[in-house]
Amino acid sequence: MTTDPECIFCKIVAGDLPAEKIHEDDETVAFMDVNPGTRGHALVVPKKHTKDLLEIEPDQLAAVAQSAQVVARRAMERLDADGVNLLNCCGEEAWQTVFHFHLHVVPRYVDDPLQLPWIPAPGEPDEIARTAKLLRD
Ligand code: 5GP
Ligand code: ZN
């Protein structure tokens with residue numbers, strides 16, 4: 001198993017740093033975020049150290065996504081959440097602060113204080129089409 005001795009999430013996976021673990025399987029661990037955005041905010045990580053979305057192997061990404069689904073279902077059933085957001089931050093400019101890949105599982109509640117981080121407004125169709133061209137296969 002690849003680990004980084006400096007990485008706090010590797011330490012949590014190994015049990016060398018305390019965390020409120022809530023789910024574990026062969027590939028992943030889920031534990032509570034110490035700075036919860038809402039009640040039940042959890043993080044799901046691969047046991048294998050991988051920096052971010054661009055570096056994680058597809059099977060590891062799939063394993064983390066499946067664990068996130070387990071945690072999301074529990075939040076709905078056991079915390080009476082009204083919805084769930086999954087969030088990944090990839091890169092410092094995208095708010096990533098811990099460089100061991102993780103998905104945030106954020107239970108949502110009617111009237112919770114969270115807001116969309118962008119203001120939805122119609123884009124310029126030509127610009128959207130030009131950008132789509134760059135992103136297409
Ligand atoms: P990021 O900003 O990289 O997307 O998310 C990192 C998350 O890890 C943050 O929400 C932060 O609150 C959480 N976090 C940072 N240090 C620790 C820790 O030592 N233990 C736990 N459980 N969560 C942590
Ligand atoms: Zn790590």
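## The zinc site

The zinc ion (ligand 2) sits in a tetrahedral site, with angles of 105 to 117° among its four donor atoms; four donors count as tetrahedral if all angles lie between 85 and 135 degrees. For comparison, ideal angles for four tetrahedral donors are 109.5 degrees. This is a predicted model, in which local features need pLDDT of at least 70 and side-chain atom pairs count only at pLDDT 80 or more. Residues are numbered from 1 along each chain, and ligands from 1 in the order in which they are written.

Who holds the metal? The protein donors are Cys7 (SG), Cys10 (SG), His49 (ND1) and His100 (ND1), lying 2.0 to 2.3 Å from the zinc ion (ligand 2). Donors here are N, O and S atoms within 2.8 Å of the metal (3.2 Å for Na, K and Ca). Their spacing in sequence is C-x2-C-x38-H-x50-H. Cys7, in the segment before helix H1 (8-14), and His100, in the loop between strand S4 (83-87) and strand S5 (103-108), link distant parts of the chain, 93 residues apart. Helices (H or I, at least four residues) and strands (E, at least two) are DSSP runs.

Both ends of that link are buried (under 20% relative accessible area, 1.4 Å probe, protein chains only): Cys7 has a relative accessible area of 7%, and His100 one of 0%.

Now to strand S3 (residues 42-46), where five of five residues are buried. Ala42, Val44 and Pro46 point one way, while Leu43 and Val45 point the other. In a regular strand, side chains alternate between the two faces of the sheet.

S3 runs antiparallel to strand S2 (residues 28-32), joined by five bridges, with Leu43 as the bridge partner of Phe31. Three bridges join S3 to S5, also antiparallel, and Ala42 has Val105 as its bridge partner there. Strands pair if DSSP finds at least two bridges between them.

Note on methods
Heavy atoms only, no water. Tetrahedral: all angles 85-135°; square planar, octahedral: opposite > 155°, others 65-115°. Buried < 20%, exposed > 50% of the residue type's maximum accessible area, 1.4 Å probe, protein only.
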